[in-house]
Amino acid sequence: MLVNRVGDFFILTGVLFVFNELGSLNFLSLFPMIPFLSNSNFLIFGVSFNFLNLICFFFLLGAFGKSAQLGLHIWLPDAMEGPTPVSALIHAATMVTAGIFLVIRCSPIFEYSALSLAFLTFVGASTSIFAGCCGVVESDIKKIIAYSTCSQLGYMFFICGLSGYNVGLFHLFNHAFFKALLFLSAGSVIHSLSNEQNILRMGGLRKLNPFTFSMMLIGLLSLTAFPYTAGFYSKEIILSIAFVDEHFIGNFSFFFGNFDKFFNGFLLLSLILLRFFRREQL
């Protein structure tokens with residue numbers, strides 16, 4: 001709750017700056033005026049800041065808090081104490097998508113701030129690789145999937161930083177389905193093991209829960225962008241756009257995005273082998 005209040009504070013600050021300068025918060029009124037503000041400055045404590053860079057910076061910090069990006073990501077793994085269906089809703093369709101939707105909805109503003117786009121791409125790519133590393137070493141099944149959510153949100157942010165807002169929305173839509181499937185499958189496993197969440201104490205579940213095994217496998221294959229799954233189409237477009245970008249920040253995000261795919265593949269093998277194929281544990 002406290003981390004999300006930090007995000008709310010930054011968003012509200014950006015909104016107040018916009019209203020103070022333009023006198024309106026209606027998108028239809030704001031967007032036509034944005035091109036004329038590219039050289040406008042704003043004084044804070046005697047220091048001059050570019051107006052568009054300033055409001056984009058506040059919007060981005062708010063979006064990072066809402067969508068659990070690097071530095072403000074700590075609330076997402078710790079929000080796993082609730083029931084698994086609630087976790088599925090939080091990670092798939094409601095809370096964590098608010099920040100990325102804000103960026104997509106305000107894309108006509110961000111397009112006139114190159115500094116904000118570079119910052120957005122850097123933070124998104126860094127979050128994807130950081131969350132992938134954390135997910136590999138985690139042993140709590142729900143926290144593993146939570147870190148994979150941070151990772152996928154990083155993909156969405158860095159593709160928006162490369163001006164691929166439609167692709168970011170496409171991946172957000174795809175991610176909602178396979179992430180909800182993963183959480184519900186994890187809930188089925190936890191329920192069948194009397195609320196055990198440590199994957200190191202699981203094993204032999206393929207025979208006990210064959211349907212859950214098949215659903216979990218489908219979700220994990222989509223998460224790792226296996227060919228012809230939902231995640232494959234959106235992730236490959238994201239990495240293709242990053243690959244053809246001629247700037248350093250595009251190459252940076254492509255490199256980190258591919259490393260994150262490696263960690264997701266490792267995650268797939270560890271979850272499937274430890275939970276479903278390993279011999280039963282005490």
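Buried denotes a relative accessible area under 20%, exposed one over 50%, and partly exposed the range in between (1.4 Å probe, protein chains only). The model is predicted, so local features need pLDDT of at least 70 and side-chain atom pairs count only at pLDDT 80 or more, while totals for chains, interfaces and linings use all residues. Residues are numbered from 1 along each chain as its sequence is written, and side-chain values use heavy atoms, with hydrogens and water left out.

Helices (H or I, at least four residues) are DSSP runs, numbered from the N terminus. Helix α1 covers residues 2-22, 21 residues in total. The expected span of a helix is 1.5 Å times one less than its number of residues. For α1 this gives 30 Å, and the distance from the first C-alpha to the last is close to that, at 30 Å. The buried residues of α1 are V3, N4, G7, F10, I11, T13, G14, F17, V18 and L22.

A nonpolar core is a set of buried Ala, Val, Leu, Ile, Met, Phe, Trp, Tyr and Cys residues joined through side-chain atoms within 4.5 Å. The largest such core has 48 residues. Within this core, F64, V103, I109 and F110 touch the most other members. Two or more residues come from each of α1, α3 (51-66), α4 (75-78), α6 (97-105), α7 (107-110), α8 (114-137), α9 (141-161) and α10 (165-192). Helix α3 gives the largest share, 11 residues. Contact means heavy atoms within 4.5 Å. Residues up to four places away in sequence aside, I109 touches F31, I34, L52, I55 and C56. A second, separate core has 22 residues, including I144, A186, L267 and L271.

Aromatic pairs are formed by rings of Phe, Tyr and Trp (its six-membered ring) with centres within 6.5 Å; planes under 30 degrees apart count as stacked, over 60 as edge-to-face and the rest as tilted. The structure holds 19 aromatic pairs. F9 and F10 form an edge-to-face pair, because their ring centres are 5.6 Å apart and their planes stand at 65°. F9 is exposed, at 53% relative accessibility. F64 and F157 also pair edge-to-face, with 5.5 Å between centres and 70° between planes. F64 belongs to α3 and F157 to α9, so this pair ties together parts that are 93 residues apart in sequence. Both F64 and F157 are buried. Ring pairs link F9, F10, F17, F57, F58, F64, F119 and F157 into a cluster.

Helix α12 (residues 210-223) has 14 residues. Its end C-alpha atoms are 20 Å apart, which agrees with the 20 Å it should span at 1.5 Å a residue. T212, F213, M216, G219, L220, S222 and L223 are the buried residues of α12.

Axes are lines fitted to C-alpha atoms, for helices over the stretch in contact, and angles run from 0 to 180 degrees between N-to-C directions. On this basis α10 and α12 pack at about 145°, with axes 9 Å apart. The contact involves F178, L181, L182, S185, A186, S188 and V189 of α10. From α12 come T212, M215, M216, I218, G219, L220, S222 and L223. The crossing of α10 and α12 is left-handed, meaning that the near helix is turned anticlockwise from the far one by less than a right angle.

Several loop residues were also examined. Most residues other than glycine have a negative phi. S163 is not a glycine, yet has a positive phi of about 70°. S163 lies in the loop between α9 and α10 and is partly exposed, with a relative accessible area of 35%. Y228, also not a glycine, has a positive phi of about 75°. Y228 sits in the loop between α12 and α13 (230-244) and is exposed, at 70% relative accessibility.

N209 is found in the loop between α11 (205-208) and α12. N209 is buried, with a relative accessible area of 15%. Residues up to four places away in sequence aside, N209 touches S188 and S192. The C-alpha atoms of N209 and S192 are 8.4 Å apart, across 17 residues in sequence. Q152 lies in α9 and is buried, at 0% relative accessibility. Beyond neighbours within four places in sequence, Q152 is in contact with H171, H175, L223, K235, D260 and N264.
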